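Welcome! Here is a short tour in questions and answers, starting with the chain as a whole and then moving to single residues.

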Amino acid sequence: MINKTYADLAWDRAAQLLAIDSPSGYTANAARWVKEAFEALGFAARITAKGGVVADLGGLDEKDGLLLEAHADTLGAMVAQIKGNGRLKLTALGGMSANNGEAENVRVYTRAGKIYEGTCQLCNASVHVNGDYATTQRSFDTVEVVLDQAVSSADETRKLGIEVGDIVCFDPRTRRTASGYLKSRFLDDKLSVGILLGFAKYLADNRIVPRRRVYVHVTVYEEVGHGGSASVPAGITEAISVDMGCVGEGLSCTERQVSICAKDSGGPYSYDVVGRLIAAAQATEADYAVDVYPHYGSDVEATLRSGADIRHGLIGAGVYASHGYERSHIDGVYNTLKVLCGYLGV
């Protein structure tokens, strides 16, 4: 049985990856890190033409392969306009919300390789000046990036090398509490990449060769809907997204559990795969919940829509406040690892 030290290792790897900015469309550094992390464990890995990472965890039956999918791309923003006052209007990358981005520190990456700091603020953000502060609808039309540079015109900002199309990354503010809670932006889905690295470490340490061939695909366009739509290795009959488990009103999962998704906005997951995931949770005594997610889509659904003839499932550690400042727990990580081990019989 896998022990909890691999959950701690999974969090350590996730925290390292969370420190690498990687919103959709700007993921090369994160992908390189992921590739090298799997290679350091002794597994062959490659970067796809699309920019994701496929790692081969080995296994005997190449005609009944399992693909585990997670994603390293996150929410973020892009410079949409350099305003006359030198500040930056943004457009969202993925489902980034202006409400969640307001008052957050950001980094602006230029194409020349320079990085500038700033803050995403409501336009006219001083409460003592703006009488409409509390009632203003937050959107990317009403917030802006205030650069930590002495600029007051569009020309001055452009002289820094900042242009439309530059990437804007939000500070993840990653931390682990003494009580085991894991807090950060972008646990969706870097926490699951860490979990898959923890699982790979378990296989490597114990020289385990699974009965069926197992691949990992860490995708880089999940947040915009087409991450898992390519790069399915030959012989794959099933794919499981290891993504966040939803926590919220109307759902039973908590941050300390592994969530097994029966249905989301894209429809039901494979009845057979969901049943076997539940059986794996029970066999390994993992604390789990089965839920229906009302507003959710996953990599594995993109894989199906691309035409792959596979069965599909979705699991993940419970995550609260999704697409905001997210929270999970080390127990949820451990329970997810248990289900992966139980599903593969390792």
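Q: What share of the 346 residues of the protein chain count as buried?
A: Buried means under 20% relative accessible area, exposed over 50%, and partly exposed in between, with a 1.4 Å probe and protein chains only. This is a predicted model, in which local features need pLDDT of at least 70, side-chain atom pairs count only at pLDDT 80 or more, and totals for chains, interfaces and linings use all residues. Residues are numbered from 1 along each chain as its sequence is written, and side-chain values use heavy atoms, leaving out hydrogens and water. Among the 346 residues, the share that counts as buried is 55%.

Q: How many helices and strands does the protein chain have, and what is its radius of gyration?
A: Helices (H or I, at least four residues) and strands (E, at least two) are DSSP runs, numbered from the N terminus. The protein chain has eight helices and 19 strands. The globule rule gives 20 Å for 346 residues, and the chain is as compact as a globular protein of that length because its radius of gyration is close to this, at 21 Å. The radius is taken over C-alpha atoms, and the rule is 2.2 Å times the number of residues to the power 0.38; for the protein chain, then, the answer is eight helices, 19 strands and 21 Å.

Q: Which residues does His226 touch, not counting those up to four places away in sequence?
A: His226 sits in the loop between β12 (212-219) and β13 (236-242). With a relative accessible area of 31%, His226 is partly exposed. Contact means heavy atoms within 4.5 Å, and beyond those sequence neighbours His226 touches Lys50, Tyr221 and Ala302.

Q: How many disulfides does the structure hold?
A: A disulfide is a pair of cysteine sulfur atoms within 2.5 Å. The number in this structure is zero.

Q: Which cysteine sulfur is nearest to that of Cys123, and how far away is it?
A: Cys123 is partly exposed, with a relative accessible area of 21%. Cys123 is in no disulfide, and the nearest cysteine sulfur belongs to Cys120, at 8.9 Å.
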